[in-house]
Amino acid sequence: MKFSGIVKTVVFLVVFAKGITAQEDVCKPKFAHLALGSFYSHVGTAECPTAETPACVGLARATVVFETSGECPNSVVKLVDSKGGQPKSLATERKHFKFKDEVLELEYESYVHTVALKDVPIDVAHTFTVIGASDNEAETSGAAQNFSIPKPLPDDTITEVVLLGRFDGGAQSKDILFHAKSQPASATLILGGINPLSETLRPSESALSHRPVLYASGSEDEPTNYAFSKRRFPSAHDGHYFSANIGKGHFVVFSLRHYLTASEDTRKTMLEWLKKDLAEADVATVRATRPWIILVSGDPFYCSGDAIPCQRPSESFNDVEQVLSQHGVDIVLAGGVPHYERTVSVFEGHVAPFDVVPGHETDDTIDQIANPTAPIYVVVGNSGIEDIKEPTTPPLDDYSIFAEAEPGYAVLSLESTTHLKVSFRNVKNEEKDAFYLLKGVQGESTEKSWQKSLFLFVLFLLIVIAIAGAFAFWYFRRRDLLRKKEYFLYSLNEENSNENRANGIEIR
């Protein structure tokens, strides 16, 4: 009897231990990150001018997102602020996510957990910790993540946003994400999509839990019909088109890839939304304090090289480009191709007029562009892609100023109502390129500079012609004088010879 009791106890303990282990495995959080909330799409608009407006109260300022293999109904997010407030334990909403595609040979299943942070004070440091099972917190907790919610309304401070291109979880991307995390930015913009199963989404390996993320879907998401991106980065219209106000900038996420491949009705809906959104952002009173309009796309509009997006004719997106130009979009950020690149002001595939600040233009580059008449296009497409062993910089098109194949990240800084800066840094965090976009700053128009260059060329040509004419005059005049002198001497010699013959003198 005693032996039988011991056996039963051992069996019970083994089963219990296995149950705990199983719970640890299926409820261990993965892919945790912070997505920017819908609050930023409404605050600063006519319906919601301030954060305290009733229309804005109750909107998510950020959303904590993570996944577990099992259902884990007791999952929570613990939230602590830096001011010593009481920790909050927030229950998650969860959705079962199953994806299978025989063509891609991909089968994936998980539970996506979300917590909307609705009353988190703006610009106050907080810490969140995701817990897969509150009854087994010690074994199912993720790493604690420090974060703060960015200021939605403009003030005197600099608004900074980190720009990440495609990354795949290799050594380079880990280094780049580490450096990007050290930047004092308000938000992170992912351009062009990431591998749906990328391990870089894990909090311990990424910068995606440190500040809210805006996600511009791209080529990585299209094969799965955006199934992963719209669950991991929840936003309006499945993330294909939405906008957010952050500090001095109005950010418009608009998926060019989705627009070009969508049905006619969807294209019409997207274009009408874009017109309405930009018209509201382009009101003079709004731009007086929030002057910068930034369009974000997973795929580039303009880029150099032989990649498919770079060969796309501008006529294919001319309707969108007309709207961007009409409402004064300042800069377009994109990913989609594996290099960094920036252009001058471009419209319909050609260089559009802009001003050059004296002393900031060389034969190789322009580091200050003022008062452009069309958007400037910046591509940040490679933030660590291990498949590209030897990245090459493409030959530049006429409208491009600079390109760099080395992987890295960029920082967009809205320094004031007149100065916007973009800097690109490599995997070693070395600045490889930087430029300013200026408004209301006196410069020399490229149209006037072309006129001036033409005038100087014509003047130079006239001077050359004058000098050549003077030389020709001198040359031919001298030749004539020499001929006259030779003729005079010849005539004199002939006259003397004739005179000598007449006198009977013969000269031998």
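Reader: Why is Cys303 counted as buried?
Author: Cys303 has a relative accessibility of 1%. Buried means under 20% relative accessible area, exposed over 50%, and partly exposed in between, with a 1.4 Å probe and protein chains only, so Cys303 counts as buried. Cys310 is buried too, because its relative accessible area is 12%.

Reader: What kind of model are we looking at, and how are its residues numbered?
Author: This is a predicted model, in which local features need pLDDT of at least 70, side-chain atom pairs count only at pLDDT 80 or more, and totals for chains, interfaces and linings use all residues. Residues are numbered from 1 along each chain as its sequence is written, and side-chain values use heavy atoms, with hydrogens and water left out.

Reader: Happy with that! What makes Cys303 and Cys310 a disulfide?
Author: Their sulfur atoms are 2.0 Å apart, and a disulfide is a pair of cysteine sulfur atoms within 2.5 Å, so the pair qualifies. The torsion about this S-S bond is about -115 degrees, so the link of Cys303 and Cys310 is left-handed.

Reader: How many disulfides does this rule give, and what pattern do they follow?
Author: The count is three. With bonded cysteines counted along the chain, the pattern is 1-4, 2-3, 5-6. Cys48 and Cys56 are joined with their sulfur atoms 1.5 Å apart, and both of these cysteines are buried. Their link is left-handed as well, with -140 degrees about the S-S bond.

Reader: Why is the contact of Arg94 and Glu71 called a salt bridge?
Author: The distance from N to O is 3.5 Å. A salt bridge is a side-chain nitrogen of Lys or Arg within 4 Å of a carboxyl oxygen of Asp or Glu, so this pair passes. Arg94 lies in strand β5 (residues 93–101) and Glu71 in the loop between β2 and β3, so parts that are 23 residues apart in sequence are tied together.

Reader: Are Arg94 and Glu71 buried or partly exposed?
Author: Both partners fall in the middle class, because Arg94 has a relative accessible area of 33% and Glu71 comes to 42%.

Reader: What about Glu406 and Lys432: how far apart are the closest N and O atoms?
Author: They are 3.9 Å apart, and the pair is a salt bridge. Glu406 is in the loop between β21 (400–404) and β22 (408–414), and Lys432 is in strand β24 (residues 431–438), so the two parts are 26 residues apart in sequence.

Reader: How many salt bridges are there in the whole structure, and which residues are linked in a network?
Author: The search finds 18 salt bridges. Glu222, Arg257, Asp299 and Arg312 are linked in a network of them.

Terms used:
Helices (H or I, at least four residues) and strands (E, at least two) are DSSP runs, numbered from the N terminus.
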